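Me: I'm new to reading protein models and I get lost when everything is shown at once. Could you pick one part, go through it slowly, and then work outwards?

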Amino acid sequence: MHNEQNGSDVKRLSAIKALLSPDEVRDNVLERFVNLASQVLGISGSFISIIDDHNQYIKASRNFDLKQSTRDESLCRHVVDGEGHLVVVDTLLDERFVTHPFVNGDPHIRFYAGVSLQNLDGATLGTLCVTDTQPHPFTDEKLATLRSLATLVTSFLDAWNNAGFADVITHLPNRPRLIRDVQQLTLTAPHRRFRLILIDCLDIIRAYELSRAVGIAPMEKLLKQMAQDVAHRLMLPDNETLYAFAPGRFAIVQPYSGRYNAHNLPDLFKGMKADLAENITLDLDVFTGETEFVPDQMDANETVRQAVSALHEAIDENISAMSFDESYDSRRTDDFMIMNDLAQALKKDEELYLAWQPKVCLKTGKTVGLEALIRWNHPERGELFPSEFIPLAGKTNLISDLTSWVIDHAVEQLASWNREYDLIPVSINVSERDFARADFAEQLVAKLAAAQLPNAILGIECLENELITKSDVAIKGLEALKSHGFVISLDDFGVGYSNISYLQDIPLDVIKIDRSLISRMGEDEASKIIVRCIIQMLKELNYTVLAEGVETEATLGLLKTYGCDQIQGYFFSKPLPASDIEHWLYQKSHQ
């Protein structure tokens, strides 16, 4: 019996805590209720109070200025501790209140009528009251009306609670409910150790793609089926809850010594499938992430954030389960800070600059081109290389902003040089996300035309990866660039997508052999053979072949022997600022 009472108190305090949390839409509705009570009953003042074990909080009011008081001071405690209603026609004629500070001082309560607010669980949350600074008669009919209005208030609050804390598709408690329940543990088990486990059954990007293909209804059916399957496999006892954290993603809270943790759950979900449509069944890859927490030592939102961090780390690393790790989390936080700083650098057009690395013809020894390489002089981190921020930018729309920045500044620099020097071709790196845009080639042509530069002066370098080799849209984008006279180079050849048959499908002019192959030629016989065979094959296919990362004379000699056309690397020159590149341009202009 004691445990039942304890459980009721916990539910009541949890419901009160939820009501005291800010919610503008909910509180606006409560304001309308108190206005309605005053109008219907003809009493100027009205308010809704929420009462916990220690205090009274005025949640909504009309012509009533009190905002908070202790529970003992409140007149409303006589409602919740008594019969659920109280009418005092004149407080000065009631010995309980004749000396009360709220009667003799602000808010000068002379008339009071209140009824309790009781939710579906039977918990008394507070009161709906009407009040005035003058005495009033109050009939039984008016008291019945006040009770009816109180029922409407609690019905609304129950509906708000259910609507706000239940997933509309699976009807499971949702993420806000999870956060509220974790917060509740600070009252019920503040010093115990728990673990929050997230279970990811369906890649959300994949889910969106599937919903585009089959429609919303089959996807909703799949999500319901998935929720049922997860619940069936977990077989949680009645006192534990399965939460719908996000589409295809679930959560449970376990005692630290409980039977589940992130690392033993994947075995439980082996072979999990879901039916998308008739004869279409999906094999589901399940990932889990968890964090440990003690309720009174960690905020609920931080607990959830750590579990999400662990889950995303598991997904990114393709590991079935991951516990929260401070070092991984710090790296992700650091990555986020870099992206935030990069966005600001692009917006202000500060800190970023271009370096220019010459491309040298092996037959003539002359500079035949330049590659524009982005650099970032971070005000706190110092000089950052592209490998430190471009892969991160590639996960967001910042990569397109970076591409635009490089194009604009490269074109601006070329236009400036064109007024004094004979230009040599310059290449820039462009992601497949950008050149796959239908209007990319046309916009690039327009920018060069505005600067009075020929298209052939600018080359496009793209990375060798599966996205470009398998994407018809990307290939069409390259074809559009090629048709406008841009030279197309494939960067980092030899370490990316292994099926080289794609070469016949992509419009390419230059193939750049990756530096990782070139750098090993000095001491690795196998690398020499691989590079020689690659160059021979590419030359037979009529490509211009460029070797990246050339640093020694021995490597240079081998590449000449193998028939390589061009080189880039520190043996000839590192990437240089524009002022140093002008020396090459001057020499070329005065040959």
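Please start with helix α15 and the helices around it, then move on to a sheet.

Reply: Happy to. This is a predicted model, with residues numbered from 1 along each chain as its sequence is written. Local features need pLDDT of at least 70 and side-chain atom pairs count only at pLDDT 80 or more, while totals for chains, interfaces and linings use all residues; side-chain values use heavy atoms, leaving out hydrogens and water.

Helix α15 spans residues 440-450. Helices here are DSSP runs of H or I with at least four residues, strands are runs of E with at least two, and both are numbered from the N terminus. Four residues of α15 are buried: F440, A441, L444 and L448. (Buried means under 20% relative accessible area, exposed over 50%, and partly exposed in between, with a 1.4 Å probe and protein chains only.) Why are they on the same side of α15? Because they cover an arc of only 95 degrees around the axis, where the arc is that of the directions from the helix axis to the C-beta atoms. As background, an α-helix has 3.6 residues a turn, so residues three or four places apart point the same way. On the face turned away from the buried side, you'll find A449 and A450, which are exposed. Just past the helix, Q452 has a positive phi of about 60 degrees.

What do those buried residues pack against? Their partners are α13 (398-418), α14 (432-435), β18 (458-463) and α17 (472-483). Contact here means heavy atoms within 4.5 Å.

Let's follow α13. It packs with helix α11 (residues 326-348) at an angle of about 35 degrees, and the two axes are 11 Å apart. Axes are lines fitted to C-alpha atoms, for helices over the stretch in contact, and angles run from 0 to 180 degrees between N-to-C directions. The α11-α13 crossing is left-handed: that's the name when the near helix is turned anticlockwise from the far one by less than a right angle, with right-handed for clockwise. At this meeting, M339, L342, A343 and L346 of α11 touch L398, D401, L402 and W405 of α13.

Now for the nonpolar core, a set of buried Ala, Val, Leu, Ile, Met, Phe, Trp, Tyr and Cys residues joined through side-chain atoms within 4.5 Å. The largest one has 79 residues, and L342, W356, W417, L481 and L559 have the most contacts inside it. Helix α13 supplies its largest share, 11 residues. Leaving aside residues up to four places away in sequence, W417 touches W356, L370, L423, A578, I581, E582 and L585. There's also a second, separate core of 28 residues, including I169, L234, L265 and V286.

Finally, the sheet. Here 5 strands form an open sheet with mixed pairing, in the order β8-β9-β7-β12-β13; two strands pair if DSSP finds at least two bridges between them. At its edges, β8 (243-246) and β13 (321-323) each pair on one side only. Ignoring direction, neighbouring strands are turned by 25 degrees against each other on average. Inside, β7 (residues 194-200) and β9 (residues 249-255) pair in the antiparallel sense over 7 bridges, and R195 stands opposite Q254 in β9. Helix α6 (residues 175-188) packs on this sheet and touches β7, β8, β9 and β12 (287-293). The direction of α6 makes about 120 degrees with that of β8.
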